Amino acid sequence: MNPENYLFLSALLFTVGACGVLLRRNVIVLFMCVELMLNAANLALVTFSRMHGNLDGQIMAFFVMVVAAAEVVVGLAIIVMVFRSRHSASVDDASLMKL
Amino acid sequence: MNPGDLTAPDIEWIALSPSLIVYGAAVVGILIEAFAPRRVRYPAEVVLATLALAASFAAVVGLAAGDRGTSKSQVAGMGSLAVDGPSLFLQGVIVLVGLVSVFLFAERRLEPAAHGARVDSFAAQPAAVPGGAAEQEAIRAGHTTTEIFPLLLFAVGGMLLFPAANDLLVLFIALELLSLPLYLLCALARRRRLLSQEAAVKYFLLGAFASAFLLFGIALLYGYAGTVSYSGIRDVVAGNPASLDAGLASTMGNDALLLIGGAMVLMGLLFKVGAVPFHMWTPDVYQGAPTPVTGFMAAATKVAAFGAMLRLLYVVLPGTRWDWQPVLWGVAIASMVAGAVIAITQTDVKRLLAYSSIAHAGFILAGVVAVSEDGVSSVLFYLAAYSFVTLGAFAVVTLVRDAGGEATHLSQWAGLGRRSPLLAGVFALFLLAFAGIPLTSGFAGKFAVFRAAADSGAMGLVIVGVLASAVAAFFYVRVIVLMFFSEPKADGPSVVIPSPLTMSVVALAAVVTLVLGIAPQYFLDLAGQAGTFVR
């Protein structure tokens, strides 16, 4: 199968994730969309790795997974902390600094 | 060699020592948090962080004195890190800013003592609900968040890696390493915790969004060139790859991969420096984060991110400069104009400084688009000058307080010059440096970047820059007028007498501002020598 199709899939996933971040209002969903974007990049990396016949992209994908895990730890900590004090996970409620 | 044999990687320990010291200290700091009793944590962490950053600075100076920044510059760590002039210069600035920030973080004389225990500006128990029973209990027990010091060290470590990154993988790791601790530090304010938490959420979500763009850009550049190393990509862009196989032959003709990938990576970096149109997070995060963190972040992140951007544009993508130069022209002009104009309408000191930092990102970009050695060295000098002014300005903001904590509304600063002429005078000095008035470091920096831009033929950019500086000077001077020529309010804020820690920060920033303004030549020469990237 032509590996280019995986690139189209990866671009599609990335776009879905980006649109999700811009359109959705729930912090958790926003965060899931960011993760979707990271994984779309992973798919692209692995596909390119296959096309070029070297391992750089696959190694990079492992690093991205580790970084994404670290990001989940930090992100969920912040989100849970905010949810506790506001009882809401909507980003529209976080507007104390709006002029 | 048998297939099972591994060759041990060849690591240049000496050349990498500045960042290795910081990582080691950060790990030890975490261990102190885990095992040391609560009362020794604060002194142990402060001493550890101070010693580590001082040692790291000494290592940077030692490397620079050994000509590693000029004639002996090299690519270390199996081709992943550059040890050359720009990286050593910026690492020196970042480490110094980090060291001074430790003093700001450690300040414990500003907040009133909580039940007999001296506390800093960070939350007693960040996980507790603001105003809840758990928080009250933590305050009564005199708890403090000493984790801020290892977090600071990790952020500094990421920033040291960022301008030195010589392949795309390290670039991404460094970006995350500097961002993740900063997201957490933003959320830890002792006062106004809801604002602080909101700042952290905004910074985290937008930062993660931007780094996802950067990562996808990296994937596309890798797809284009078949390698993540900077020199490899540059060779493919120039059309003479080290080895040509079928996969590379099919992708290297595809300019869409190169241009979109480069644009997305650049987008991630422009987000970090807070340039328009990627600046939306800046005012909110600067306002909500604890002020010591804001000072550290505003100063050091900008240095690191501009370092990474310079290396990417000058080492990896010089072959596409006709494509990215017009874009950066636009971004620079938009940042200078938008930053200066919106700052006029601000009523909060921290937001004002945030918009001013956006305008300064535009000024620095004017030096970046020059694409010359002068451009690099002018940007290096500007970053060094700007970071200390910023740190000093935010240090002053921590000192002006009323019963509710820091008094950041501009109307509360009215008449400050009559009550505490010394502090208001120092703040006026920083504002004049931001505005670029002669005899301050800001003037020398602005002059250097604008001259580099003009020499490269970007006269339009220089004209817009000078006009934007004039607009910016208006609101800086307005604050000075407000401080010195209006009546103090009866219930206005007072200036807290800090411990020697904050005093030394403000004094150092003021001295650097004056020295770089009055006698900039030595430092301009230093930046000039450091202006060459290792290839």
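Reader: I'm looking at B:Pro277; where in chain B is its place?

Author: B:Pro277 is in the loop between α10 (255–273) and α11 of chain B. Those labels come from DSSP runs, numbered from the N terminus: helices are H or I with at least four residues, strands are E with at least two. A bit of housekeeping: residues are numbered from 1 along each chain as its sequence is written, while chains are lettered from A and ligands numbered from 1 in the order in which they are written. You're looking at a predicted model, where local features need pLDDT of at least 70, side-chain atom pairs count only at pLDDT 80 or more, and totals for chains, interfaces and linings use all residues.

Reader: Is the peptide bond from B:Val276 to B:Pro277 cis or trans?

Author: That bond is cis, with omega near 5°.

Reader: Which value of phi goes with B:Met78?

Author: B:Met78 has phi near 55°, which is positive although the residue is not glycine. You'll find B:Met78 in the loop between β1 (74–76) and β2 (81–83) of chain B. B:Val371 also has a positive phi without being glycine, near 50°, and belongs to the loop between α14 and α15 of chain B.

Reader: Why does B:Met78 count as partly exposed?

Author: You count neighbours: a residue is buried if 20 or more other C-beta atoms lie within 10 Å of its own, exposed if 12 or fewer, and partly exposed in between, with C-beta atoms placed from the backbone. B:Met78 has 13 such neighbours inside 10 Å, so it is partly exposed. B:Val371 is partly exposed because 18 other C-beta atoms are within 10 Å. B:Ile497, in the loop between β5 (494–495) and α20 of chain B, has 12 C-beta neighbours inside 10 Å, so it counts as exposed. B:Ile497 and B:Leu110 are 387 residues apart in sequence, yet 7.6 Å apart in space, C-alpha to C-alpha.

Reader: How do I read one face of a helix, say α20(B)?

Author: An α-helix has 3.6 residues a turn, so residues three or four places apart point the same way. In α20(B), the buried residues are B:Thr502, B:Val505, B:Val506, B:Ala509, B:Ala510, B:Val512, B:Thr513, B:Leu516 and B:Gly517. Down the axis of α20(B), they fall within an arc of 160°, so they line one face; the arc is that of the directions from the helix axis to the C-beta atoms. The face turned away from that buried side carries the exposed B:Pro500, B:Val511 and B:Ile518. Among the elements covering the buried residues of α20(B) are α3 (85–106) and α15 (373–399) of chain B.

Reader: How many residues of α14(B) are buried?

Author: 20 of the 20, so α14(B) is largely enclosed by the rest of the structure.

Reader: At what angle do the axes of α13(B) and α14(B) cross?

Author: Two packed helices are described by the angle between their axes and the distance between the axes. Axes are lines fitted to C-alpha atoms, for helices over the stretch in contact, and angles run from 0 to 180 degrees between N-to-C directions. Angles under 35 degrees count as roughly parallel, over 145 as roughly antiparallel, 65 to 115 as roughly perpendicular and the rest as oblique. The axes of α13 (residues 321–344) and α14 (residues 349–368) of chain B come within 7 Å and cross at roughly 155°, so α13(B) and α14(B) are roughly antiparallel.

Reader: Which other axes come within 8 Å?

Author: Those of α1 (residues 17–35) and α5 (residues 148–164) of chain B come within 8 Å, crossing at roughly 160°. α1(B) and α5(B) are therefore roughly antiparallel. α18(B) and α19 (residues 459–484) of chain B also come within 8 Å and cross at roughly 155°.

Reader: How many residues of chain B are in contact with chain A?

Author: Contact here means C-beta atoms, placed from the backbone, within 7 Å. 38 residues of chain B touch 35 residues of chain A. α7(B) gives the most to chain B's side, with 17 residues.

Terms used
Contact = placed C-beta atoms within 7 Å.
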